[in-house]
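These notebook entries record what I looked up in the structure shown below.

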Amino acid sequence: MTTVIAVAGKGGVGKTTCSALLLRALAASGIRPLLAVDADPNANLHLLLALGLPEALGTLREELFTGPPGAVPLTERLSSEVQMRVAEGDAADLVVMGRGEGPGCYCYVNNLLRQSLARLMGGYRAVVVDNEAGMEHLSRRNLLRIDHLVLVGDPSPRGLSAAAALRDLARQLALPVGNSWLLLNRPYAGRTLAEPDVPGLPLLAALPHDSRLPAWEAEGRSFLDLPPGMSPAADAVADAVRGTIGRAAS
Ligand SMILES: Nc1ncnc2c1ncn2[C@@H]1O[C@H](COP(=O)(O)OP(=O)(O)OP(=O)(O)O)[C@@H](O)[C@H]1O
Ligand SMILES: [Mg+2]
């Protein structure tokens, strides 16, 4: 069974960083193969995985569905096209969703795309989905199931209430979420990470500001290759995953 982890939060809070660190933690717990899904139209997760940017799945809508019908059935063509757009990594592969579907009604198209994505995801032990700010992508229900919704928030009152608001929105939208978690990222000056109280949102981990992360990124190296003991933030995620999401997934 594939464990699906969706990462959400407000803009710039550290969603992509945390997605890459979750993948690293899962791989370190022996949970492989892994699929990273970049669901941000401004895709950049590939940079933290040191992979090239694969072509987005979203462009298949126009390419396959507005062209002349081919001899091969649409679902088969779609599956093979999706497979060709997987960037392969050592521990984690990557797909990029691309832009949203726009205002037109493409329900049939989107359903097929959704099903192809679900089939692809089924081939992996765990999937980590890095979302754009807010709930745009999740609310389109491109994920048929979310085992863990990880809400990244900074530990300011506004940061915590933004995380709680997203948790509430997920409930209102009746998204198929198993567990929701708070992942605190970067205390601001003078504030400790201790004991944030967001009812119904257990703390997965609290990450310190960690200058190794942007430095590692600037060197173009994969976050999956961060060795233990080098990055306090990466190690905090690994410790947290081992006792929670990772245990359930293995
Ligand atoms: N714990 C941390 N320590 C140091 N730098 C961090 C930490 N978390 C995030 N950053 C830095 O903060 C910046 C924003 O992080 P990131 O891109 O992960 O945020 P995001 O929520 O994905 O942003 P967006 O909403 O634009 O997608 C990056 O430069 C990243 O390196
Ligand atoms: Mg991001």
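**Entry 1. Terms and conventions**

I took two strands as paired if DSSP finds at least two bridges between them. Helices (H or I, at least four residues) and strands (E, at least two) are DSSP runs, numbered from the N terminus. The model is predicted: local features need pLDDT of at least 70, side-chain atom pairs count only at pLDDT 80 or more, and totals for chains, interfaces and linings use all residues. Residues are numbered from 1 along each chain as its sequence is written, while chains are lettered from A and ligands numbered from 1 in the order in which they are written.

I looked up the strand order and found an open sheet of seven strands, 3-2-4-1-5-6-7, with parallel pairing. Strand 3 (92–96) and strand 7 (203–207) are at the edges with a single partner strand each, so one side of each has no neighbour in the sheet. From one strand to the next the twist averages 20°; angles run from 0 to 180 degrees between N-to-C directions, and axes are lines fitted to C-alpha atoms, for helices over the stretch in contact.

**Entry 2. Strand 1**

I next examined the partners of strand 1. Strand 1 (residues 3–9) pairs with strand 5 (residues 146–153) in the parallel sense over five bridges. Its pairing with strand 4 is also parallel and has five bridges. For individual positions, I noted that isoleucine 5 has valine 128 in strand 4 as its bridge partner. Opposite alanine 8 stands leucine 151 in strand 5, and opposite glycine 9 stands valine 152 in strand 5.

I then checked burial. A residue is buried if 20 or more other C-beta atoms lie within 10 Å of its own, exposed if 12 or fewer, and partly exposed in between, with C-beta atoms placed from the backbone. Strand 1 is largely enclosed by the rest of the structure, because seven of its seven residues are buried. Thr3, Ile5, Val7 and Gly9 point one way, Val4, Ala6 and Ala8 point the other way, and all are buried.

**Entry 3. Helices on the sheet**

How far apart are the end C-alpha atoms of helix 1? They are 20 Å apart, which agrees with the 20 Å that its 14 residues (15–28) should span at 1.5 Å a residue; the expected span is 1.5 Å times one less than the number of residues. I found 13 of the 14 residues of helix 1 buried. Helix 1 lies across strands 1 to 6, among them strand 2 (34–39) and strand 4 (126–131), and runs at about 170° to strand 4. Helix 7 (residues 157–172) lies across strand 1, strand 5 and strand 6, at about 155° to strand 5. Contact here requires C-beta atoms, placed from the backbone, to lie within 7 Å.

**Entry 4. Ligand 1**

I counted a residue as near the ligand if its C-beta atom, placed from the backbone, lies within 6 Å of it. Ligand 1 is surrounded by 19 residues, the closest being Gly11, Gly14, Lys15, Thr16 and Thr17. Helix 1 and helix 8 (212–218) are the elements that give two or more residues to this shell. The shell divides into six nonpolar, eight polar and five charged residues. Ala, Val, Leu, Ile, Met, Phe, Trp, Tyr, Cys and Pro count as nonpolar, Asp, Glu, Lys and Arg as charged, and the others, Gly among them, as polar.

**Entry 5. Buried leucines**

I located leucine 94 in strand 3; it counts as buried because it has 25 C-beta neighbours inside 10 Å. Outside four places in sequence, its contacts include Ala36, Asp38 and Leu45.

Leucine 224 is in the loop between helix 8 and helix 9 (232–243) and is buried, with 23 other C-beta atoms within 10 Å. Beyond four places in sequence, leucine 224 touches residues including Leu23, Arg24 and Ala27.

**Entry 6. Backbone details**

Just after helix 1, I noted a positive phi of about 80° at glycine 30. A cis peptide bond, omega about -5°, joins arginine 32 and proline 33; proline 33 is in the loop between helix 1 and strand 2.

Is alanine 174 buried or exposed? It counts as exposed, with 8 C-beta neighbours inside 10 Å. Its phi is near 55°, a positive value in a residue other than glycine.

Conventions. Contact = placed C-beta atoms within 7 Å.
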